[in-house]
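Here is a short briefing to read alongside the structure. Please take a look at the sequence and the fold, and then walk through the points below.

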Amino acid sequence: MNYKVYSLHNFKTIPQISKLTEEQIFDIEVVGRVLPFKTNNYVVDELIDWDKFETDPAFILNFPQKGMLKPESYDKMATLLRRGADKKEIDAAIAEIRLDLNPHPAGQLEHNVPEVNGQKLIGVQHKYNETALFFPSQGQTCHAYCTFCFRWPQFSGMDDLKFAMKEIDLLIQYVKEHPEITDILFTGGDPMVMSAKILGAYLNAIIDADIPHLKSIRIGSKTLGFWPYRYLTDKDSDEIIALFKKVSDSGLHLAFMAHFNHHIELGTKAVQDAIKRILSTGAHIRTQSPLLNNINADGEVWSTMWRKQVDLGLIPYYMFIARDTGAQQYFKVGLEDAWNIFRQAYKSVSGICRTVRGPSMSAAPGKVQVSGITEIEGKKYYVLNFIQGRNEDWVGLPFFAEYDPNAVWLDDLKPAFGAEEFFYEEEYRRLTSKTKINDYDDIEKAS
Ligand SMILES: *Cc1c(COP(=O)(O)O)cnc(C)c1O
Ligand code: SF4
């Protein structure tokens, strides 16, 4: 299958676009200036149900929607486009709206970067003891872009936010010096946009380094959802499969962390064949997704998705709470709803689907699970729990927050029982005071 990409400049050539009204097409042009917009022929021809595109999860996942911008931002951009404003003026408005969607100032990303021999490893993040994240510079794009993605500063030309890492040698040296690291997690963008040749250079170097404490290589990818032909008909697909097999055969666990947002992404022959091929290499596939209003905010969507995943040999892994950047007012699900959706789905699947954890917020101090809402002496509280912590000793200690029906993120919550702050906060400040970490340094994401 030939990969055909569509973006702002050619999406009107998609035949199915004739189903949209002029106004709906204009909305895409307006919002697509600000949010990342890229899709492809697999998504368009095999995933989207064009008879009901307005509510179709795959359509909303890739095509910018009017509601994703604040009304005043939408109006501003629409007015400029209608009156044929010049590029400079439009670019200035784009920058301003983007800054409003993602207010984290540039430059902060440099602060939590590990060092080897005094040299910064720009494409590496090491936050939790066991796992080093690696952002190969050639993997900083995707086969299509999720409209909810908060990594778009990496894709859309805001260069000072860009992660890049060319030398695997430094990463290997770093891992060797850190015996606590058991996992290297390749992330992006999407590392599976890399050619077999480049991915092979990285993976072979890791295999050859033969680091005794390194046990797993994880690859976070949305390719099974957006371009399963990566494993079937792309010209280096056989090399990719051979490479996965080589990793497994070397004794390392290859964990493919697949990003699926909806069970419709599991329904095509292409994705099912691609899954079979990947599993045939000895790799395991674990799945994760954020919980997204307008796409999957429904317990039944999740339980169906987990069941289908297990049927296909995948292991449900994480449900994330959508973070507070990007088009968050469009995608956000409150913490109470998130917990209810998780519970509805979790209780209705068999134990073998209950490998999934969540709903979880990837916040600066760690991954915080909303375990639930409970009542103590007639008063409601949130029960929270670290699944991962900047300090591992925080993991597995339940803690309480005041009930707040409007809370959507950890920083909306107040400690329960009149406490000044949560149990971890003092230590968190101490751990981060030297490195000036802010919330944005947590770049863990959905795929
Ligand atoms: C989620 C995450 C990991 C991996 O955590 P696991 O619970 O082991 O999957 C590693 N690093 C960062 C920064 C993360 O957010
Ligand atoms: S969420 Fe993942 S797959 Fe989607 S655009 Fe962002 S990095 Fe790419």
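Contact here means heavy atoms within 4.5 Å. With that in mind, this is a predicted model, and its protein chain is divided into domain 1 (5–99) and domain 2 (108–357).

**Domain layout**
- Between the C-alpha centres of domain 1 and domain 2 there is a distance of 26 Å.
- On the domain 1 side, 24 residues are in contact with 30 residues of domain 2.

**The interface between the domains**
- Interface size is often expressed as the accessible area lost when the parts come together.
- For domain 1 and domain 2, the area buried between them is about 2,300 Å², with 65% of it on carbon and sulfur atoms.
- Strand 2 (38–40), helix 2 (41–47) and helix 3 (57–62) are the elements that each give two or more residues to the side of domain 1 that touches domain 2.
- What polar links turn up between domain 1 and domain 2? There are 12 residue pairs in polar contact, both residues being at pLDDT 80 or more.
- Salt bridges across the interface of domain 1 and domain 2 number zero by the rule.

**Cysteines**
- A disulfide covalently joins the sulfur atoms of two cysteines.
- The structure holds zero disulfides.
- Cys142 counts as buried because its relative accessibility is 11%, and buried means under 20%.
- Cys353 also counts as buried, because its relative accessibility is 3%.

How values were computed:
Residues numbered from 1 in each chain as written. Chains lettered and ligands numbered in written order. Predicted model: local features only at pLDDT ≥ 70, side-chain atom pairs only at ≥ 80, totals over all residues. Heavy atoms only, no water. Disulfide = S-S within 2.5 Å. Buried < 20%, exposed > 50% of the residue type's maximum accessible area, 1.4 Å probe, protein only. Domains from an automatic or database assignment. Buried area = accessible area lost by both parts, 1.4 Å probe. Salt bridge = Lys/Arg side-chain N within 4 Å of Asp/Glu carboxyl O. Polar contact = N/O pair within 3.5 Å; in protein donor to acceptor, adjacent residues only side chain to side chain. Helix = DSSP H or I, 4+ residues; strand = E, 2+ residues; numbered from the N terminus.
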